[in-house]
Amino acid sequence: MTAGFRRSLPDFPWDSLAPFAATARAHPGGIVDLSIGTPVDPTPELLRRALADASDAPGYPQTYGTPALREAVAGWFARRRAVPDVDPAGVLPTIGSKELVAWLPTLLGLGPGDVVVHPEVAYPTYDVGARIAGATPVPADGTAQLGPTPRQGPGRVGLVWLNSPGNPTGKVLGVEHLAKVVAWARSVGAVVASDECYAELGWEADEVPSLLDPRVTGGSHEGLLAVYSLSKQSNLAGYRAGFVAGDPALVSALLEIRKHAGMMMPAPVQHALTVAVGDDAHVVEQKRRYRARREVARAAVLEAGFRIDHSEAGLYLWATRDEPCRETVGWLADRGVLVAPGDFYGAAGQRHVRFALTATDERITALAERLAG
Ligand SMILES: Cc1ncc(COP(=O)(O)O)c(C=O)c1O
């Protein structure tokens, strides 16, 4: 890694929250930390047992994942995501989804002169992944912003990232929007990757369609990848369990490089993932917990005079007091509450803050009490 490469990466933004965190921690009732979306509830017993059952693993695991894993993921798409036609050959486990987001442009062979498009208000790793590859990240939310030809703007568009439901906004992209992006990307030869890790957590959204939905794809997964994570739906963030699925030709290209690079999911985690995607009950249970927390937090945030935008799905409330986000972060820190400033997610987020719902019932109750008093 050259110094130049490091210089192109953004500063790690969480450091700038330290003074607000110190203020919030000084609250006599302790901090209510809603700044990070890290799960707090136990890993389901079923999945802990699956991990333990597969813990005798002296040999190397398959980078491609076991056939059982790939079949189980294809079955999950059919059962939970209204996608009946995922080919198990087009499924690949990833070590959580963040690593894939960070490395996909590189694995696709993108580099200088290539553009990676990502949402305007976005999880920062899409931008980072483009920079790691030496490509140019371009924030854009619609095909109208991208123009009709592959050569417009700063380079050739090689990859378009979608994130639905979105982090931090909780916005869900409908079938029509997804289909439009796919048609545009196919017309310019770009890959579309959709990060769908909050797909099981729809609240007010009628449906949360996948990029691979036949109404979107026209029956072909060519050039399309859906990215998923078990971190949120199954409290498995510590296991690092994710997968990518879609175009078998693209997946096979990713597989080849990942085999060379040693990017393989540990065998016990492969088994836990296989069991997790085959079981719906634990996801229903976790969703119930988040729904209850969301109702308490949402009422409290609205009562305190915030406006909540989007947030129809996912693990966040994307809220504003119509003032610069750092002022809102300070106001909340004075009440012992820590949230993420919207400017972490791009300039378009600078008047919002993000409340994560990943806190215990007790801490969410404390949030409501503090905002009321
Ligand atoms: C939009 C989005 N993508 C990817 C990730 C990474 O999740 P993981 O690496 O745990 O699968 C997160 C985590 O918060 C996220 O919000």
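Strand 3 and strand 5 (residues 156–163) run parallel to each other and share four bridges; pairing here requires that DSSP finds at least two bridges between two strands. Valine 115 has valine 157 as its bridge partner in strand 5. Strands are DSSP runs of E with at least two residues, helices are runs of H or I with at least four, and both are numbered from the N terminus.

Keep in mind that this is a predicted model, in which local features need pLDDT of at least 70, side-chain atom pairs count only at pLDDT 80 or more, and totals for chains, interfaces and linings use all residues. Residues are numbered from 1 along each chain as its sequence is written, and side-chain values use heavy atoms, leaving out hydrogens and water.

Now look at strand 4 (residues 136–139), which is parallel to strand 3 and joined to it by four bridges. Here valine 116 sits opposite proline 137. To get from strand 3 to strand 4, the chain passes through helix 6 (residues 125–133), making a right-handed β-α-β crossover; right-handed means that, with the strands pointing away from the viewer, the path from the first strand over the helix to the second runs clockwise.

How enclosed is strand 3 (residues 114–118)? Five of its five residues are buried, so the strand is largely enclosed by the rest of the structure. Buried means under 20% relative accessible area, with a 1.4 Å probe and protein chains only. Asp114, Val116 and His118 point one way, while Val115 and Val117 point the other.

Let's finish at the ligand. A polar side-chain atom of asparagine 167 is 2.7 Å from one of the ligand's oxygen atoms.

Definitions and conventions: Buried means under 20% relative accessible area, exposed over 50%, partly exposed in between (1.4 Å probe, protein chains only). A polar contact is a pair of N or O atoms within 3.5 Å; within protein, one must be able to donate a hydrogen and the other to accept it, and residues adjacent in sequence count only if both atoms are side-chain atoms.
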